[in-house]
Amino acid sequence: MQTAIEVRDLVVRRGARAVLDGFSCAIPQGSVTGLLGPSGSGKTTLMRAIVGVQIVASGTVTVLGHPAGSVPLRRSIGYLTQAPSVYADLTVAENARYFASLYRLRPADADAAVEAVGLTGARHQLVADLSGGQRSRASLACAIVSRPEVLILDEPTVGQDPVLRDELWDHFRRLAADGATVLVSSHVMDEANRCDRLLLIREGTLIADDTPAAVKRSAGTDDLDQAFLTLIRQRKGVTA
Amino acid sequence: MILASTVRRILSQLRHDPRTIAMIIVVPTLLITLIYFMYEGQPRVFDRIALTMLGVFPFIVMFLITSIAMLRERTTGTLERLFTTPVGKLDLLFGYGIAFGVAATAQAAVASGFAYWVLDMHTAGGVGLVILIAVANAVLGVALGLLCSAFARTEFQAVQFMPLVVAPQLLLCGLFVPRDDMAGWLQAISNVLPMSYSVEALTEVGMHTEPTGIMWRDLTVVVGAIVVALILGAATLRRRTA
Ligand SMILES: Nc1ncnc2c1ncn2[C@@H]1O[C@H](COP(=O)(O)OP(=O)(O)OP(=O)(O)O)[C@@H](O)[C@H]1O
Ligand SMILES: [Mg+2]
């Protein structure tokens with residue numbers, strides 16, 4: 001399988017600390033990859049580096065053969081920030097249409113994205129008047145509106161009910177089946193089971209990069225939650 | 001294309017905020033009415049002060065609105081997200097410049113119309129020039145607002161830039177003390193503040209029936225200041241942040 005995103009020896013300093021310290025990984029094209037790790041481990045920082053808005057100290061990030069953040073990538077990448085980043089004083093539809101227009105897409109494409117996140121009924125509501133979960137979905141609609149080849153989603157299902165979560169994951173799987181590369185950060189382990197591959201990150205270093213089954217096997221358990229804890233504690237033992 | 005939809009987006013945001021629109025349109029008119037009653041019986045003084053204020057109000061209002069709007073783009077993450085899309089920095093800067101320029105034109109037209117036809121303000125030159133200079137001043141406010149928002153991290157800080165940027169320009173523009181009567185060092189400061197030129201341009205319109213060379217020169221200086229502020233603003237917009 002072809003590599004869509006390649007991170008090599010990435011060092012990112014935020015404040016006084018190195019948040020990512022010599023981080024390397026490769027993410028295959030046409031897959032859903034889960035990015036897991038404790039809070040503050042550097043997931044958002046890694047995603048920001050991949051979409052090209054993070055100042056990096058050294059190392060390289062290559063997306064679809066181009067350096068991260070370069071001009072040709074801006075048509076092919078979709079980024080969902082962890083906190084919803086949509087205009088609160090616009091309606092859902094206006095937000096989606098604005099982001100669609102940046103890619104020269106028509107309002108109909110925007111409406112399709114709103115439909116995909118289940119907000120058709122609320123599309124003429126101001127984002128400011130939405131519930132927290134609805135607001136994240138409005139933000140998600142703007143990330144998927146251009147049907148990007150690379151989709152970077154920072155905790156897209158937080159605050160969603162199980163039915164919606166399931167639908168959203170079906171959607172991500174469909175996008176990957178159509179050839180998109182999807183990177184999803186999450187804290188929810190039953191979601192991790194739906195990924196093709198998992199990247200496990202702790203304090204800015206990669207501690208596992210494998211399929212969910214292989215991660216479970218290497219931790220000697222059937223439960224991904226348990227495997228996750230085991231791997232994180234193992235490493236702690238080693239570094240301590 | 002991206003520029004056009006950005007202008008439309010900013011105007012839609014404004015449209016969903018009728019209270020702000022009302023403030024933009026009504027407040028300058030109210031203040032000029034206040035000046036009218038302050039100088040009742042001294043029409044010459046009213047003419048001079050109201051004319052200056054027609055240039056000053058749009059500057060203040062647009063400076064404030066723009067710095068808050070741009071700060072919001074930064075703090076809500078929309079700016080970060082836009083920088084992962086095909087949007088260019090100039091699309092954003094000109095988007096704000098044009099959108100708020102449109103709002104400023106409406107503001108200047110209403111305030112000037114009211115001053116001329118209800119409060120009976122008199123100028124030797126035409127109302128069109130007054131509006132033109134007022135709009136240039138408003139766009140200057142937009143450009144400086146974009147620039148200053150880069151140095152504010154919170155809305156509290158952004159608001160504090162108003163006295164810093166607006167007050168010296170207002171005090172030294174020649175409204176309170178004629179510029180020729182100021183101490184040399186004050187005059188020197190006044191000479192580098194763009195509002196001095198827009199106020200001088202308005203004064204020229206007040207005194208001469210035809211547009212004068214000084215007026216065109218002053219207007220050129222204001223436009224130059226807009227361009228410089230926009231270039232500096234573009235330099236403060238960074239795709240990558242820490
Ligand atoms: N703007 C910033 N300035 C300085 N340090 C920062 C900044 N943003 C994040 N950090 C630090 O960088 C580290 C990694 O943050 P990051 O947001 O990447 O974590 P995360 O894995 O996404 O966590 P979460 O699961 O809570 O979202 C944290 O220790 C955090 O304190
Ligand atoms: Mg995060």
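**Magnesium site, a charged patch and a loop residue**

Colleague: Which protein atoms are the donors of the magnesium ion (ligand 2)?

Modeller: The donors are OG1 of A:Thr44 and OE1 of A:Gln82. They lie 1.9 to 2.2 Å from the ion. Keep in mind that this is a predicted model.

Colleague: Where do A:Thr44 and A:Gln82 lie in chain A?

Modeller: A:Thr44 lies in helix 1, residues 43-51. A:Gln82 is in the loop between strand 6 (77-80) and helix 2 (92-102). The two are in parts 38 residues apart in sequence, so the pair ties those parts together.

Colleague: What about A:Gln82?

Modeller: A:Gln82 is partly exposed too, at 43% relative accessibility.

Colleague: New topic. Which residues gather in the patch of negative charge on the surface?

Modeller: Four aspartates of chain A: A:Asp190, A:Asp222, A:Asp223 and A:Asp225.

Colleague: Where is the place of A:Asp225?

Modeller: A:Asp225 sits in helix 8 of chain A, residues 224-239. Its relative accessibility is 41%, so A:Asp225 counts as partly exposed.

Colleague: Over to chain B. Where is B:Ala124 found?

Modeller: B:Ala124 is in a loop of chain B, between helix 5 (89-117) and helix 6 (127-149). B:Ala124 is partly exposed, with a relative accessible area of 33%.

Colleague: How far apart are B:Ala124 and B:Glu73 in space?

Modeller: They are 43 Å apart, C-alpha to C-alpha. In sequence, B:Ala124 and B:Glu73 are 51 residues apart.

Methods: Residues numbered from 1 in each chain as written. Chains lettered and ligands numbered in written order. Predicted model: local features only at pLDDT ≥ 70, side-chain atom pairs only at ≥ 80, totals over all residues. Heavy atoms only, no water. Patch = residues over 30% accessible without salt bridge, like charges linked within 9 Å, V, L, I, M, F, W, Y side chains within 5 Å. Areas by Shrake-Rupley, 256 points an atom, 1.4 Å probe, with all protein chains shown as cover. Salt bridge = Lys/Arg side-chain N within 4 Å of Asp/Glu carboxyl O. Lys, Arg positive; Asp, Glu negative; His and termini not counted. Charge placed at Lys NZ, Arg CZ, Asp CG, Glu CD. Helix = DSSP H or I, 4+ residues; strand = E, 2+ residues; numbered from the N terminus. Buried < 20%, exposed > 50% of the residue type's maximum accessible area, 1.4 Å probe, protein only. Donors = N, O, S within 2.8 Å, 3.2 Å for Na, K, Ca; no water.
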